[in-house]
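Please view the structure alongside the notes.

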Amino acid sequence: MRLVLRYIIFIIGLFFLSLGIVFIVTSTLGTTPISSVNYVLSLNTPLTLGMATFCINMLLIIGQFWLIRDCRTRKDIAEIALQIPFSFLFGAFIDLNMMLCSQLHPESYLAALGFLALGCIVQAIGVTLELKPNVAIMSAEGFVKYAARRYHRQFGRLKVRFDISLVTFAVILSLCFKGRIEGVREGSFIAAAVTGYVVTFMSAHIFTRANVRRILPSARL
């Protein structure tokens with residue numbers, strides 16, 4: 001039962017994470033670094049944002065299997081394989097929230113900043129709930145984790161380089177498709193800079209183990 005509750009919390013986290021991404025996209029000020037390539041693909045191909053996200057996640061999953069090709073364990077294989085259904089669910093959540101938010105359009109730059117701020121907060125809630133149960137890992141973090149292990153690099157620094165690489169590739173991809181930059185704006189950099197601090201605050205002061213246990217007394221997180 002405890003394990004089921006932990007997975008439920010993780011799935012709720014995925015929903016909030018997807019909703020946060022959609023709010024940031026709705027702001028028209030760009031998208032998160034992790035979704036930048038996906039968003040550019042959705043703007044220039046028949047793929048929806050959710051479908052593009054699932055496709056990129058599958059590529060990252062394949063990359064993880066390549067990274068552990070000569071040093072894999074059963075635990076590694078299970079952890080990576082578990083990302084497949086959650087990647088599908090995450091993509092479905094994104095498309096669902098895109099549909100639910102399709103009528104939302106900021107009328108001014110101030111309103112756009114409001115959507116961006118809301119997106120950062122909701123995304124941070126999602127990340128916090130995703131991390132707290134410690135039952136699974138999403139493909140982007142998994143790819144960085146196994147790359148860091150294979151090449152003996154620090155996870156945090158490699159994650160920053162990974163995010164910068166995604167944004168750079170998204171810009172190049174956009175230029176190739178349209179000859180101009182789409183999907184990457186000031187909101188992308190604001191989201192990248194702010195979300196981590198909000199996650200840290202929420203983990204330390206709101207979604208603490210004690211508070212979660214008050215809501216779900218039988219959950220051991």
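Which element gives the largest share of the nonpolar patch? Helix α5 does, with three residues. The model is predicted, so local features need pLDDT of at least 70 and side-chain atom pairs pLDDT 80 or more, while totals for chains, interfaces and linings use all residues. Residues are numbered from 1 along each chain as its sequence is written, and side-chain values use heavy atoms, leaving out hydrogens and water.

**Surface patch**
- Tyr-109, Leu-110, Leu-113, Ile-190 and Val-194 make a nonpolar surface patch of about 440 Å².
- Two or more residues each come from α5 (109–131) and α8 (186–205); helices are DSSP runs of H or I, at least four residues, numbered from the N terminus.
- Nonpolar patch residues (Val, Leu, Ile, Met, Phe, Trp, Tyr) have over 30% relative accessible area and no salt bridge, and their side chains are joined within 5 Å.
- Val-194 lies in α8 and is partly exposed at 33% relative accessible area.
- Buried means under 20%, exposed over 50% and partly exposed in between, with a 1.4 Å probe and protein chains only.

**Nonpolar cores**
- The largest nonpolar core has 23 residues, and Val-37, Leu-41 and Phe-162 have the most contacts inside it.
- Such a core is a set of buried Ala, Val, Leu, Ile, Met, Phe, Trp, Tyr and Cys residues joined through side-chain atoms within 4.5 Å.
- Helices α2 (36–44), α3, α6 and α7 each supply at least two residues of this core, and the largest share, seven residues, comes from α7.
- Leaving aside residues up to four places away in sequence, Val-37 touches Ile-56, Leu-166, Phe-169, Ala-170 and Leu-173 (contact: heavy atoms within 4.5 Å).
- A second, separate core of 19 residues includes Ile-21, Leu-49, Phe-86 and Val-122.

**Helix α6**
- Residues 139–151 form α6, where the buried residues include Gly-142, Val-144 and Tyr-146.
- Cover for the buried residues of α6 includes α3 (49–67), α4 (74–100) and α7 (155–178).
- Just after α6, His-152 takes a positive phi of about 55°.

**Salt bridges**
- The count is seven salt bridges, each a side-chain nitrogen of Lys or Arg within 4 Å of a carboxyl oxygen of Asp or Glu.
- Arg-149 pairs with Asp-76, with the closest N and O atoms 2.9 Å apart.
- Arg-149 is partly exposed at 37% relative accessibility, whereas Asp-76 is buried at 7%.
- Glu-79 and Lys-145 form a salt bridge at 2.9 Å, N to O, linking α4 and α6 across 66 residues.

Note on methods
Expected span 1.5 Å × (residues − 1). Patch = residues over 30% accessible without salt bridge, like charges linked within 9 Å, V, L, I, M, F, W, Y side chains within 5 Å. Areas by Shrake-Rupley, 256 points an atom, 1.4 Å probe, with all protein chains shown as cover.
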